[in-house]
Amino acid sequence: MIPAPFEYRRVSSLDEAAALLGQDDEAKALAGGMSLIPLLRLRMARASTLVDIGPLRGELAYVRREEEIVAIGALTRHHDVATSAVLREDVPLLAHVASLIGDPQVRHRGTIGGAVAHADPAGDMTTVLRTLDATIVVHGRDGRREIGVDELVVSFLETSLRPGELIAEVRIPVPPRKHGWAYTKFRRRAQDWATVAVAAIIERRDGEISRAAVGLVNMGPIPLRAAGVEAALAGADAGSIPRAAELAAEGTSPVSHLSADADFRRHLARVLTRRTVQEAFDRAAG
Ligand code: FAD
């Protein structure tokens, strides 16, 4: 449980962090340390240098509304996402999901940028951000680029970040005021990761579903949208929710594990999708 030796550098600017990370393929950013430190201690990951970006909290920990976008700095902790008045009002799904991550200690250390960069398919954040059509602002030595979560997360614990790039900000388009939302997380123990979880955003017009976004956690190596369910719900009414939910496991590739085999996860995806979409539908006005 002792990590391999590494150098430790605290930085005072994003550019300094990008330069250090760019010099060496084995350097890693350190944010809350909630995922990285256990991996280093178990020697499931190695780092030549840990580039501690904690001192950048003054610059990178914020939640702010910018016209039709809510911008969240990468070092914003899960607790601050869960309790943000802006998010509770404008993007309540995200605030709710942050409140379900781990335990209070994890929520007070772990950051949204770290959760996204860690790219764990069992993590809640990447799928929920994908469901919300969020984009990720990446800061590198050559400037900034903004990409979708689907472009960022490419495989199990793997992102498309290039050497010298860091996540600086998460940007979420504010859903219409009357939208409905729900998140159902099935887990074996309190405060655990999801065996499977489902996120839903529903917009209604004249009793029909005008837009549905449904995300699946832990149903494959990357965060997924249930495209078949979304298509079946578009223009439909509440009566069609059970039939649409039957499509939830289509195109997924859940792994079998001691805690849940793939068939059980597919079953969970269908059942949780039905319940979650119904709850979001009931919460939506219109
Ligand atoms: P770190 O551990 O510091 O870093 C994680 C990875 O991201 C590293 O590879 C690091 O180099 C990289 N990184 C960090 N910040 C950046 C950045 N800005 N730019 C580029 N790369 C970066 N998560 C859930 O979603 N749901 C749960 O229920 C849950 N339960 C947990 C329970 C426990 C007991 C623990 C220890 C963790 C749990 N987590 C859970 C994970 C938690 O959300 C972590 O906070 C998160 O995965 C990583 O955030 P961090 O700030 O601690 O990142």
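A polar contact here is a pair of N or O atoms within 3.5 Å; within protein, one atom must be able to donate a hydrogen and the other to accept it, and residues adjacent in sequence count only if both atoms are side-chain atoms. The model is predicted, so local features need pLDDT of at least 70 and side-chain atom pairs count only at pLDDT 80 or more, while totals for chains, interfaces and linings use all residues. Residues are numbered from 1 along each chain as its sequence is written, and side-chain values use heavy atoms, with hydrogens and water left out.

Start at the ligand. A backbone N or O atom of Ala-29 lies 2.5 Å from one of its oxygen atoms. For Met-34, a backbone N or O atom is 2.8 Å from an oxygen atom of the ligand, and a polar backbone atom of Leu-36 is 2.8 Å from a ligand oxygen. The ligand taken alone exposes 970 Å², of which the protein buries 89%; accessible areas come from the Shrake-Rupley method with a 1.4 Å probe, and for residues only the protein chains shown count as cover.

The shell around the ligand comprises 29 residues, a residue being near if one of its heavy atoms lies within 4 Å. Ala-29, Gly-33, Leu-36, Thr-111 and Asp-124 are the closest. By class the shell holds 15 nonpolar, 10 polar and 4 charged residues. In this scheme Ala, Val, Leu, Ile, Met, Phe, Trp, Tyr, Cys and Pro are nonpolar, Asp, Glu, Lys and Arg are charged, and the others, Gly among them, are polar. H8 gives the largest share of the shell, 4 residues. Helices (H or I, at least four residues) and strands (E, at least two) are DSSP runs, numbered from the N terminus.

Thr-111 sits in the loop between helix H7 (104–109) and H8. A polar atom of the Thr-111 side chain is 2.9 Å from the backbone nitrogen of Gly-114. With a relative accessible area of 5%, Thr-111 is buried; buried means under 20%, exposed over 50%, and partly exposed in between (1.4 Å probe, protein chains only).

Helix H6 (residues 92–99) has 6 of its 8 residues buried, so it is largely enclosed by the rest of the structure. The buried residues in H6 are Pro-92, Leu-93, Leu-94, Ala-95, Val-97 and Ala-98.

Leu-42 belongs to the loop between helix H2 (36–41) and strand E3 (49–52).
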